[in-house]
Amino acid sequence: MQTDITDMEHLSEKDRERLALTGLEVGMQNRCGSFFQIDQNVVQTTCGAEGVEMLPIKAALEKYDWVKDYYWNAVPKDKDKYTQYLAKQEDPQGLVVIAHPGAKVEMPLQACLFLREEPVQHVHNIFIAREGSEIHIISGCASSWQKEHGAHIGVTEIYVGKGAKVTSTMIHNWNPGISVFPRSATIIEEDGTFLSNYVCMQPVHQVNMYPTARLVGKNAVARFSSIVVATPGSLLDLGSRAILGAENTSAELITRAITTGGTIISRGHILGEKDNTRGHIECKGLILKDGIIHAIPEIEGTLTGTELSHEAAVGKIARHEIEYLMARGLSEEEATATIIRGFLDVKISGLPAVLQKQIDTAIDKAESGF
Amino acid sequence: MLDISDLHVNVDGTEKLHDINLHIGEGETHILMGPNGSGKSTLLKAIMGFGGYTITSGSIVFKGKDITHMPIHERAHLGIGMMFQHPPAISGLKLGKLLAATSHMGEGAIEALAQSVNMEPFLTRDVNVGFSGGEMKRSEVLQLKVQQPDFVMLDEPESGVDLENMSLMGKEIAGLLEKDIHIINRQRSGLIITHTGYILDYLEADQGHVLIDGQIRCHGNPREILRVVKEKGYGECLRCKQI
């Protein structure tokens, strides 16, 4: 193990490029805080934002007694074998972000989880946005270009306090032999807003996740957006779930899925169990080359005051759309790429421009492969 | 500009156009009329080169080049443009992005053109998604203004357009066809499908053709053809051919 790596700038050129693809600013421009974990070693934790702290999980548990109330709370220890594996670890690693009451930071914090040499990377993150705070976190997860096989197991617990807002953007850039098992859950209190964005457009062996948001306070809002591409040999078993557990809460689950030969299972579940709740699931899939897109949207209402809907569509690019653009002078390849770019263009309201740009860049990079 | 000789076109294995001969000279505007289903749109799509419109015999020559089997975008590059009657809605693709992708114009030039057809607010909207009939037509005109084709085909530019927009459309189409330039110097040509002839309130056409059952039955003065069709219907054209 190379030990001279104290921040991202010490990585090889190739690996820095891979991290840049996940939206991470290696030089920290446009970032107000940064956390960097290679395998099981935390190599950097800095945060210059007022009212916001980024701490390695052990330090956070030592510094604030109350952090333990957030540890293994949203995600139960015995949820499945992956959480059990993590719960058994004597030396937990990961990031705790604490936004103290009223702290609002427009500039994103970045968390970088890099799988370099060890067979398994495990991480336990906790994001706590206390009353009236606002934070944007970009998590870039990547593996070294020379890392052929491995697994990443990550628990992320997110707590959105009263009137708080959390944007969590996760961009993955793994290798064809890496398996990834994020286990995430979010609890959103009154007037809280949670925006979750997930982008995975590079080859991976397997991603398996089904994050859940529990909206427990009135007027809470959750929105999950996923933009994914499954290349040959990739299995993306993804989903998101929202439990509308308080009056006047709403949730939206949006997925854009493209297969170029891999398999995507796009799950979604919204449970409306309180009055005046609204939920919508939207999954659009494009099959560019023979592969599988299996959309499983579930909506479940338990009383008259909930309104839930879903729409799912899977298919190829319509020929007449391509020809329409060709009639304007684009070649068939240009027309196809232009339509795909539009298909993936999910504008996420409330996202800082710098994060939207990062997502756009990830899409642009992947687009050259279509 | 455009020479179509003995053209036969199949759609889904059935011949839809039989033995079409059509010559459109530089600077000329032609009107194409005919009952529903007679093959007017099929002719335009065959000239543009759309898949599914198979040319079984005959030829299309544009600016002296045989384009009978040329890909669509190469025809567009040569200077053929088309206003679609039912353009597809493409979700996610912004109109402004489409215009930028299909031209070398700068953002400012595109915005100015959009303004000229009251489409500036639509540049950030998905192409044709939720557009009204009139908005769709204005979007088509805008795309053609950006593309600047030498030969414009317009498939029912009046349909779905209210009176106020019709006047704008009429003027803009006249502009695309360089009607403000003297006929001797005019270089742009057009082929316009019309059912109502309203477009003739805004521009003069040089020739008219009537297409019935996949055949061009008569050529003539566009206003005269319109008058006969208005008075006697297409039955008169059928009889013409039989005489």
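A residue counts as buried here if 20 or more other C-beta atoms lie within 10 Å of its own. The views below are taken from a predicted model.

View 1. The buried residues are K40(B), S41(B), T42(B), L43(B), L44(B), K45(B), A46(B), I47(B) and M48(B). Directly after α1(B) comes G49(B), with a positive phi near 100°.

**View 2. An open sheet of four strands in chain B.** The strand order is β2-β1-β4-β5, and the strands pair in the antiparallel sense. At the edges stand β2 (14-24) and β5 (65-66) of chain B; each has a single partner strand, so one side of each has no neighbour in the sheet. The partner of β5(B) shown here is β4(B), residues 54-62, to which two antiparallel bridges join it. Within this pairing, V61(B) lies opposite D66(B) of β5(B).

**View 3. Chain B as a whole, as context for the two views above.** Chain B holds eight helices and twelve strands. Its radius of gyration is 18 Å, close to the 18 Å from the globule rule for 243 residues, so chain B is as compact as a globular protein of that length. Along the principal axes, the C-alpha trace covers about 55 × 40 × 35 Å. Of the 243 residues, 45% are buried. When contacts between residues at least 6 apart in the sequence of chain B are taken, 70% of them link residues at least 24 apart.

**View 4. Strand β6 of chain A, residues 120-129, with strands β4 and β8 of chain A.** Nine of the ten residues of β6(A) are buried, so the strand is largely enclosed by the rest of the structure. One pairing is with β4(A), residues 95-99, which is parallel and has four bridges. Here A99(A) stands opposite A129(A) of β6(A). Another pairing is with β8(A), residues 150-160, also parallel, with ten bridges. In that pairing, Q121(A) has H152(A) of β8(A) as its bridge partner.

**View 5. Helix α4 of chain A, residues 319-326, and what covers it.** Six of the eight residues of α4(A) are buried, so this helix is largely enclosed by the rest of the structure. They are E321(A), I322(A), E323(A), Y324(A), L325(A) and M326(A). The cover over these residues comes from both chains: it includes α5 (332-343) of chain A, and α2 (72-78) and β7 (90-94) of chain B.

**View 6. The contact between chain A and chain B.** On one side are 17 residues of chain A, in contact with 19 residues of chain B. On the side of chain A that touches chain B, the elements giving two or more residues are α4(A) and α5(A). The most comes from α4(A), which gives six residues. By class, this side of chain A is made up of seven nonpolar, five polar and five charged residues.

**View 7. The domains and overall build of chain A.** Chain A is divided into domain 1 (1-209), domain 2 (211-316) and domain 3 (319-370). The centres of domain 2 and domain 3 of chain A, taken over C-alpha atoms, are 22 Å apart. Six helices and 20 strands make up the secondary structure of chain A. A compact globule of 370 residues would have a radius of gyration near 21 Å, and the 20 Å of chain A agrees with this. The C-alpha atoms fill a box of roughly 65 × 60 × 35 Å along the principal axes. Of the 370 residues, 53% are buried. Among contacts in chain A with a separation of 6 or more, 82% are between residues 24 or more positions apart.

**View 8. Prediction confidence in chain A.** The mean pLDDT of chain A is 89, and 93% of its residues score at least 70.

Technical notes:
Residues are numbered from 1 along each chain as its sequence is written. Chains are lettered from A and ligands numbered from 1 in the order in which they are written. This is a predicted model: local features need pLDDT of at least 70, side-chain atom pairs count only at pLDDT 80 or more; totals for chains, interfaces and linings use all residues. A residue is buried if 20 or more other C-beta atoms lie within 10 Å of its own, exposed if 12 or fewer, and partly exposed in between; C-beta atoms are placed from the backbone. Two residues are in contact if their C-beta atoms, placed from the backbone, lie within 7 Å. Domain bounds come from an automatic or database domain assignment. The radius of gyration is taken over C-alpha atoms; the globule rule is 2.2 Å times the number of residues to the power 0.38. Ala, Val, Leu, Ile, Met, Phe, Trp, Tyr, Cys and Pro count as nonpolar, Asp, Glu, Lys and Arg as charged, and the others, Gly among them, as polar. pLDDT is the predictor's confidence in each residue, from 0 to 100. Two strands pair if DSSP finds at least two bridges between them.
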